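I opened the notebook to look up a few strands, a helix and some loop residues. My entries follow.

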Amino acid sequence: MNKYSIEPSHKKILQVISSEEDCTIPQIAKALTISVPTAQKLTQEIIDAGIIYNAGKVQKGEGRPANVYRVLDYSLQVIAVEILMKHFRIAVVDLNGNITHYQDIPAFELRDDEECLNFIVRQIVDFAKCHHIRPVGIGISITGRVNINVGRSQSFFSNAPKSISDLLGEHLDLPVVLTNDTMSYGWYEKLIGHLVGVDHAFYVNWSRGLGLSMFSNGHMLQGGNGFAGEFGHMQIGKTTRPCICGMRNCLGSELSGHAIERDFQDLMATFQDNPYGDEVTYHQVVELALGGDVNAIEVLRHASRRLGEEIGNLLSLMNPEVVVISGTLYKAKEIIFDEILKGASEKALPESFKSCSFRIIPWEPEYGLKGVAMYFYRMFEFI
Ligand SMILES: [Zn+2]
């Protein structure tokens, strides 16, 4: 068994051992509907490959103590990479979603040129070589559109002769999967977060941009090429501000974090004495609102109501059971939640609204790394 081609029966055993605290051979045999001797033989093969170990005898229920098996903490690892406009993080994430190594590349700015691509590849290769790890692959989360079929970003480095997946594959001889940031956060929630066991759901990434991960029948709707979920670029925004995509009327241009900044600054410009200064970030707008500033509260409430309305329209289309709102704007929960609900209730069919549960859930920077790693494990059927 080499590290890239784990047999299906071995993967199933790994799944059983990962999900049971103290897993015995009879439990494996029962889960796979195979005989105990066969389970013993297959388990020994995975021990020989250095992926699991015999943790000794444990008393389980009645009868004699039985040998139990566990996955070695370091045996299954994915190098997870997150590339955002101003952040570049690399980590090692194990099968349980724990980060075991982490590096934040300082002062990073994403540019659409080959020099930036080569810098990213060099950092990942150096990271892989300086840590004593033996990963099964690399998961990359990058902002913008990602063509999941060819493992290439459409928004960055699309003119480079070789994709980031090809370059990394050449240097490290590892399989590479690519997805975008909102889908990584969605995978995190679906595979180890708040959406575990939920088949029909929306994950709304409300941060500096606006993105959506959609789940139907337990599967993420990625689209034919991986471009699905571009909620922020739908032409339903009540604004003519130009969007980063080159179009106007994008919803994100009306109510993303960036738009909230602009709204607040536009409002301030109408005041004779502006007490806030010229450069107010949307994070500061949230802090001001939480501190009771009526202007900041008004801007956030307006954006929340509009977000709720457009989510309400999508409820009628997709009928999710759960909508989770996350991203960095989650911190304004006490101000935004009721407005989102009001907006959604006004626009959605009553049946769709009543059957849907709304939640605002925390967001942490590491969720992108964990999410893309869990996506890799899922793609290669480790989970
Ligand atoms: Zn746009």
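I began with Val92, which stands opposite His101 in E5. The model is predicted, so I kept its limits in mind: local features need pLDDT of at least 70, side-chain atom pairs count only at pLDDT 80 or more, and totals for chains, interfaces and linings use all residues. Residues are numbered from 1 along each chain as its sequence is written.

I noted the naming: strands (E, at least two residues) and helices (H or I, at least four) are DSSP runs, numbered from the N terminus. Two strands pair if DSSP finds at least two bridges between them.

E4 (residues 88–94) and E5 (residues 99–104) run antiparallel, joined by 5 bridges. They form a hairpin with 4 residues between them, and Gly97 in the turn has a positive phi of about 85°.

I then checked the partner strand E3 (residues 77–83). It runs antiparallel to E4, with 7 bridges. Val81 has Ile90 in E4 as its bridge partner. A hairpin of 4 residues links E3 to E4.

How many residues of E4 are buried? I found 6 of its 7. Buried means 20 or more other C-beta atoms within 10 Å of a residue's own, exposed means 12 or fewer, and partly exposed lies in between; C-beta atoms are placed from the backbone.

Next came the loops. Ala107 lies between E5 and helix H4 (114–130). Its phi is near 50°, positive in a residue other than glycine. Ala107 is exposed, with 6 other C-beta atoms within 10 Å.

Asn217 sits in the loop between E11 (210–216) and E12 (219–220). Asn217 has a positive phi of about 55° although it is not a glycine.
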